[in-house]
Amino acid sequence: MAPSAVSPVLASAEADLGHLAIKGMNKANIQASTQAVEAMMGQWDTFSFAPIRESQVSRAMTSRYFKDLDTYAESDIVIIGAGSCGLSAAYMLGKARPDLKIAIIEAGVAPGGGAWLGGQLFSAMVMRKPADAFLTELGVPFEDEGDYVVVKHAALFTSTVLSKVLQFPNVKLFNATTVEDLITRRTPDGEHDLRIAGVVTNWTLVSMHHDDQSCMDPNTINAPVLISTTGHDGPFGAFSVKRLVSMKQLEQLGGMRGLDMQTAEDAIVKGTREIIPGLIVGGMELSEVDGANRMGPTFGAMALSGVKAAEEALRVFEQRKAENLK
């Protein structure tokens with residue numbers, strides 16, 4: 001008897017089963033779901049959804065969201081910005097430390113920043129080597145062009161890293177949420193007189209209307225380590241480092257320089273670091289601090305800056321955690 005055919009979806013799911021960290025998902029769930037989809041084919045005249053009441057949908061959403069707000073009110077690491085750098089950092093942290101609570105705050109409804117397309121709205125994404133190692137880590141296919149590689153569509157990279165990050169049970173993405181300020185603590189004995197101890201948040205639509213509505217106070221998340229990857233200066237860009245200037249923790253910003261791919265990417269990766277205690281800055285936000293060049297439509301530095309930011313966060317985490325308890 002010939003073996004029964006296995007759908008490509010099921011074969012892929014079974015192959016990845018050992019790596020899935022979604023609570024409650026197992027082989028039986030995947031098998032049943034796949035068979036149910038196949039059973040629908042050609043049976044649409046008798047098709048019907050299971051019954052539901054509108055309040056069930058409301059409660060399913062709100063109960064989980066407010067549980068997440070409660071769970072992550074005390075986080076271990078907060079990542080500000082879910083662009084290519086922030087998501088790369090989240091992936092490395094989620095993989096390395098499943099015991100840590102990692103919150104990602106993204107101002108936009110759609111995470112991913114500018115990494116859904118290459119330059120000038122073109123599809124392909126270019127990464128200079130050795131950033132291809134991160135693509136291989138994620139399982140993103142690419143064309144090897146010698147000194148650089150090309151992903152056929154930038155969205156393939158972004159959707160892959162986003163999907164993997166969201167599957168980590170210890171990572172929560174709060175999108176459509178803005179960081180309005182930083183939580184600080186006095187450290188009079190250090191090089192800086194402040195350390196960062198968390199973020200002040202609000203829904204993005206609320207933040208956009210502070211000028212035409214009455215006072216709408218924010219929420220907070222405490223965390224001993226923040227990774228800020230909000231991009232170069234813009235409506236929500238370079239937020240954390242601009243706030244450091246206004247708090248007199250940085251004298252001034254260096255200002256992003258003109259485009260120079262050859263030097264810019266090295267500078268961003270090498271410069272990714274803890275700027276003041278508790279705040280690591282990576283990606284193009286760093287160019288505003290150091291006066292680095294922009295690199296334009298090449299994305300290797302964004303990914304590897306995220307990798308280094310995660311490494312830096314784990315390097316200082318225990319010390320900052322101990323300080324945060326004081």
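# Reading a predicted protein chain

Modeller: Of the 326 residues in the protein chain, 44% are buried. Buried means under 20% relative accessible area, exposed over 50%, and partly exposed in between (1.4 Å probe, protein chains only). This is a predicted model: local features need pLDDT of at least 70 and side-chain atom pairs pLDDT 80 or more, while totals for chains, interfaces and linings use all residues. Residues are numbered from 1 along each chain as its sequence is written, and side-chain values use heavy atoms, without hydrogens or water.

Biologist: How many helices and strands does the protein chain have?

Modeller: Helices (H or I, at least four residues) and strands (E, at least two) are DSSP runs, numbered from the N terminus. Here there are 11 helices and 14 strands.

Biologist: What share of the contacts joins residues at least 24 apart?

Modeller: Contact means heavy atoms within 4.5 Å. Take the contacts between residues at least 6 apart in sequence: 71% of them join residues at least 24 apart.

Biologist: Now a single residue. Is V199 buried or exposed?

Modeller: V199 is buried, because its relative accessible area is 0%. Its place is in strand β8, residues 194-203.

Biologist: How much space lies in the largest pocket?

Modeller: A pocket is an open set of points on a 1 Å grid over the protein atoms alone, where a 1.4 Å probe fits, with protein on both sides within 12 Å along at least five of seven lines; lining residues have an atom within 4 Å of a point. Points are joined across faces, edges and corners, and the volume is the space filled by probe spheres set on them. Here that is about 900 Å³.

Biologist: Which residues lie nearest the centre of the largest pocket?

Modeller: G113, G114, T230, G231 and H232, out of 38 lining residues. Helices α4 (84-96) and α8 (239-246) and strands β2 (102-106) and β7 (177-186) each supply at least two lining residues. By class, the lining has 16 nonpolar, 19 polar and three charged residues. Ala, Val, Leu, Ile, Met, Phe, Trp, Tyr, Cys and Pro count as nonpolar, Asp, Glu, Lys and Arg as charged, and the others, Gly among them, as polar.

Biologist: Where does UniProt place the feature "binding site"?

Modeller: The unreviewed UniProt entry lists C85, E106, A107, G114, V179, D217, H232, M284, R294, M295 and G296. Of these, the pocket lining includes C85, E106, A107, G114, V179, H232, M284, R294, M295 and G296. UniProt positions use the numbering here, feature names are shortened, and annotations may be inferred rather than shown by experiment.

Biologist: Is G114 buried or exposed?

Modeller: G114 counts as exposed, because its relative accessibility is 62%. It is found in the loop between β2 and β3 (125-128). H232 is partly exposed at 36%, in the loop between β10 (225-228) and α8. Not counting residues up to four places away, H232 touches residues including M256, M284 and E288.

Biologist: What about backbone angles?

Modeller: Most residues other than glycine have a negative phi, and most peptide bonds are trans. L121 has a positive phi, near 65°. L121 is exposed at 71%. K248 also has a positive phi, near 65°, and K248 is exposed at 74%. A cis peptide bond joins K129 and P130, with omega about 15°.
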